[in-house]
Amino acid sequence: SSGINAEYGHYFKQINLSMSLARALLRPIQRCIALRSYGTVSTLATEEQFDEVFQGSTPTLVDFYADWCGPCKQLSPILKKVVDDHAKEVNLLMVNVDDFGDIAHEFDVMSIPCVKMVQDGRVVGGFVGSKPEEKLVEFLNQNLGQ
C-alpha cells in the first residue's frame, strides 16, 4: 500500500517537514481520498476510519504491517484469501505502522506482522508473526465462535 511516507515523504524531506506535522496537514486531504478496497479488505486511509471500524459490531481483523517487512509480505495474501473465504463473517483492515504509528502504539504492537481481531470496541484475539492458511482459519474460527 502506498501511504503518506511512500507518496509524499520525499517532498516533506525536501522542505524539512516532520511526518507528524505532515499528517496533520494532509488529514483533510486524506478524508477526500477514496479508500482502496478489495471486497471486504481495505487499507486504512484515515484515523477516523479506524475509529469507525473499532467501534463497529462486525468482527474485523486488523493487520499491522509495513511495506519493508518480509513476513508481512508473506502473510498478507494468505490473510486476504482467508478473509475472502469468510466474507460474510469478517472484514480485514490493513494498517501500515509507518503511516499510523500512533494507532500501532495504542494497540501495543511491538513486532510485525501483528494481527488483532476487534469487535464491539474491544480486542478479542490476536497473534504476531506469519502463519500458514490452516492456522489462520483455525484462529478465525476460534474467535468467531465456530
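A cavity is a set of grid points where a 1.4 Å probe fits but cannot get out, and its lining residues have an atom within 4 Å of a point. Keep that in mind for a later stop. The model on screen is predicted.

**Stop 1: the whole chain**

Show the chain as a cartoon. Its secondary structure comes to 6 helices and 6 strands. Follow the elements from the N terminus: they run α-α-β-β-α-β-α-β-α-β-β-α. The chain has 146 residues, and 42% of them count as buried. Now think about contacts between residues at least 6 apart in sequence. Of these, 68% join residues at least 24 apart.

**Stop 2**

Nonpolar side chains tend to be buried together in soluble globular proteins. Select Phe50, Leu61, Phe64, Leu79, Val95, Val109 and Ile112. These have the most contacts inside the largest nonpolar core, a set of 32 residues. Which elements each supply at least two residues of this core? They are strand E3 (60-65), H4, E4, helix H5 (101-106), strand E5 (114-119) and helix H6 (133-143). H4 gives the largest share, 5 residues.

**Stop 3: Ile78 on helix H4**

Select Ile78, which sits in helix H4. Is Ile78 buried or partly exposed? Its relative accessibility is 24%, so Ile78 counts as partly exposed. Buried would need a value under 20%. Now show what surrounds this residue. Leaving out residues up to four places away in sequence, Ile78 touches Lys131, Pro132, Glu133 and Leu136. Draw a line from the C-alpha of Ile78 to the C-alpha of Leu136. The distance is 8.3 Å, although the two are 58 residues apart in sequence.

**Stop 4**

Move along to His86. This residue lies in the loop between helix H4 (70-85) and strand E4 (91-96). His86 has a relative accessible area of 12%, so it is buried. Follow its side chain: it reaches the backbone oxygen of Val82 at 2.9 Å. Neighbours within four places in sequence aside, His86 is in contact with Val137, Leu140 and Asn141.

**Stop 5: helix H6, side by side**

Select Leu136, Phe139, Leu140 and Asn143. These are the buried residues of H6. Why do they lie on the same side of H6? They cover an arc of only 95 degrees around the axis, which means they share one side of the helix. Next, look at what covers the buried residues of H6. The cover includes E3, H4, E5 and strand E6 (122-128). Before leaving, find Gly145, which follows H6 and has a positive phi, near 75 degrees.

**Stop 6: the second largest cavity**

Rolling a probe the size of a water molecule over the atoms shows where empty space is left. How many cavities of 30 Å³ or more does a search of the whole structure find? The search finds 2. To find the spot, select its lining: Leu61, Leu79, Val82, Phe127, Leu136, Phe139 and Leu140. H4 and H6 are the elements that give two or more residues to this lining. The largest share, 3 residues, comes from H6.

**Last look**

Keep the cavity lining on screen and look back at earlier stops. Leu136 is part of the lining and is touched by Ile78.

Methods. Residues are numbered from 1 along each chain as its sequence is written. This is a predicted model: local features need pLDDT of at least 70, side-chain atom pairs count only at pLDDT 80 or more; totals for chains, interfaces and linings use all residues. Side-chain values use heavy atoms; hydrogens and water are left out. Helices (H or I, at least four residues) and strands (E, at least two) are DSSP runs, numbered from the N terminus. Buried means under 20% relative accessible area, exposed over 50%, partly exposed in between (1.4 Å probe, protein chains only). A polar contact is a pair of N or O atoms within 3.5 Å; within protein, one must be able to donate a hydrogen and the other to accept it, and residues adjacent in sequence count only if both atoms are side-chain atoms. Contact means heavy atoms within 4.5 Å. A nonpolar core is a set of buried Ala, Val, Leu, Ile, Met, Phe, Trp, Tyr and Cys residues joined through side-chain atoms within 4.5 Å. The arc is that of the directions from the helix axis to the C-beta atoms. On a 1 Å grid over the protein atoms alone, a cavity is a set of points where a 1.4 Å probe fits but cannot get out, and a pocket is an open set with protein on both sides within 12 Å along at least five of seven lines; lining residues have an atom within 4 Å of a point. Grid points are joined across faces, edges and corners, and a volume is the space filled by probe spheres set on the points.
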